[in-house]
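User: Could you walk me through a few details of this model?
Analyst: Gladly, let's take them one at a time.

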Amino acid sequence: MCWRLHPLLWITLLLKLNHVVVEAVDYLVYKDAKQPITLRVKDLLSRMTLEEKIGQMAQIDRSVATQDIMQTYSIGSVLSGGGSTPLPKATAEDWINMINDIQRGALSSRLGIPMIYGIDAVHGHNNVYNATIFPHNVGLGVTRDPDLAKRIGSATALEVRATGIPYAFAPCIAVCRDPRWGRCYESYSEDPKIVQDMTEIILGLQGDIPENSTKGVPYVGGRTKVAACAKHFVGDGGTTNGINENNTVIDMHGLLSIHMPAYLSSIIKGVSTVMVSYSSWNGEKMHANQNLITGFLKNKFKFKGFVISDWEGLDRITSPPHKNYTYSVLAGVEAGIDMVMIPQNFTEFISILTSMVKSGFISMERIDDAVSRILFVKFKMGIFEEPLSDLSLVNELGSQAHRELAREAVRKSLVLLKNGKETNNSMIPLPKKAPKILVSGSHADNLGYQCGGWTITWQGFSGNKDTRGTTILSAIRSTVDSSTEVVFIDNPDAGFVKSNNFAYAVVIVGEYPYAETNGDSQNLTMVDPGPEVINNVCGAVKCVVIVISGRPIVIEPYMSSIDALVAAWLPGTEGQGIADVLYGDYGFTGKLARTWFKTVDQLPMNVGDSNYDPLFPFGFGLTTESVGSIVKRSTSAGADGRPYVTVILASLFLSLCVAGRMRFTVVSCKSRVELDENFNMECESAGQLELGGDAAR
């Protein structure tokens, strides 16, 4: 009997033991969202082969990211370079389908580590058709409004997530010290304090960090937020003569006081990643600068996220690029770069790095540090739990709420540099009602020009067909009175302007779109036929000139003929914001965040310099009140608490009367009044006087 029971007992015991073993094998700490992230990272890292670790350090372009490659090489990240899209005018659903397909390849690898998809979203989701394009940073710095930057970050994060992308290569926190630099429009200001303040955009992109968060620890607050990237570390805005990717010559004190503060602020705000600059500091390539990347960023600043190279950044350690790629890989990884934006020839990078680790030139400790940081950010982002995207946010792309926010940003980013040839004869706000007005200039009806570089494609575009938005011409037409005839001629001759009896003209000129080195300029002149248009139009009729540019440009030679001058920078898709302020629905409030030079011979010239002699100094900007505010100030409360008009200032009417004459009568109306935007007033009580006016008789 006993011998007959033993086999059964053994079978039962073995089954129970097997069940326990199976459970132990099936339980993976790194897949348990309830476990601390540090334990999940440690567990996953312990399971990875060298090849899988190095795969995580590679970021490749979408054009080479097949499912088979993602699975075979355990690729850690994929990106879209400027203009790299699933197809022309791709919808949010097109983006999601492409990214999910790539992600499925990553998830099918041995350990199922999800990849993170990154994209340049530097003024909105700028690569994507129908996205809201916000003003470039050069305009946002003018606002000096960190809360606005944060709200723009939140809107951008929603639109990026709407396309299935969880990682944005933004913000650029360069301190541009020379407008000849082709990336100056990506910088908020020449003043490090303004740049530092505007890092508030990180909290918009990633979410507000928890109160007890440890300094330097990345944070991403859920599926409506993205991992941000502070760039380009460090000193990219200080290169000699503003030459892109060149050498920044400055001592350590200058580097720390001008170019470094915004990075410390970004780290405190939990930025997830930092991108390294192509430039050099005192002759040493930043991509190979171990003292600054590891010594300062990681050790002194306690940054816990990962450091990423720029596009082919390791290649450019040598001159010419890729001359000695083995050395470049060694120098870049040893300097502290964790993820390498390769982005095409990834097999060469993987092969060289694998060989260097196996031969002892690069330690396993350095590889583990890099991969641990990458995995830590991935766990923080929550993509292990939700690696695939759905269509729940697609309606956020280009939403009306985001366009209204962009319109607000445009209004606040404008700087009024001149308002009338005489102090007491202002031209702005312009009257909405006039018999006939002229709009001229190459930038008046060109959405691509007003958006600038890094829009739809890397170098930007020309025309109105590549995305959706409102040109300045369209904005003017929709703002003026229906009786006002708006004539648009790109480059009219002086005789035509003189013979047509225009009430006033609006001239919109500036720079063509550009990005990076293509934007480097040693003369900073507006593109033709801009000067000719200004001379022909402003020499014949009162004119306001609006400059569309990524930086201050040469304008002094034309100042005497210009009645009013507006710096509009690169306002993006919502041109209506310009008309809002031009016609007095809102007032001008912007103050220069960059010095406006007289001649390029003065450059570089920044506020505080001993040779400071600008055309318009840092902080300059005329202000105006909205028409509504002026009207409100012209009323006061009567004894019964209802408003009555006590005085209407003649200067108000003079400022709005550009052509012809206006009749008016000052009245005191102690009953309810009606005062419309054309300044027709009626008193409710019989026997009261009536005020009437025609803006251009």
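**Helix 12 and the cysteines**

Analyst: Helix 12 is followed by K302, whose phi is positive, near 60°; helices (H or I, at least four residues) are DSSP runs numbered from the N terminus. This is a predicted model, in which local features need pLDDT of at least 70 and side-chain atom pairs count only at pLDDT 80 or more, while totals for chains, interfaces and linings use all residues. Residues are numbered from 1 along each chain as its sequence is written, and side-chain values use heavy atoms, leaving out hydrogens and water.

User: Which residues in helix 12 are buried?
Analyst: Within residues 290-300, those are L292, I293, G295, F296, L297 and K298, where buried means under 20% relative accessible area with a 1.4 Å probe, protein chains only.

User: And what caps its N-terminal end?
Analyst: N289 caps helix 12 there, with a side-chain oxygen 3.3 Å from the backbone nitrogen of N291.

User: Switching topic, how many disulfides are there?
Analyst: The structure holds 2 disulfides, each being a pair of cysteine sulfur atoms within 2.5 Å. One joins C176 to C184, S to S 2.1 Å, and another joins C538 to C543 at 2.0 Å.

User: Which hand does each one have?
Analyst: The S-S torsion of C176 and C184 is about -105°, so that disulfide is left-handed, whereas for C538 and C543 the torsion is about 110°, so theirs is right-handed.

Methods. Buried < 20%, exposed > 50% of the residue type's maximum accessible area, 1.4 Å probe, protein only. Helix = DSSP H or I, 4+ residues; strand = E, 2+ residues; numbered from the N terminus. Polar contact = N/O pair within 3.5 Å; in protein donor to acceptor, adjacent residues only side chain to side chain.
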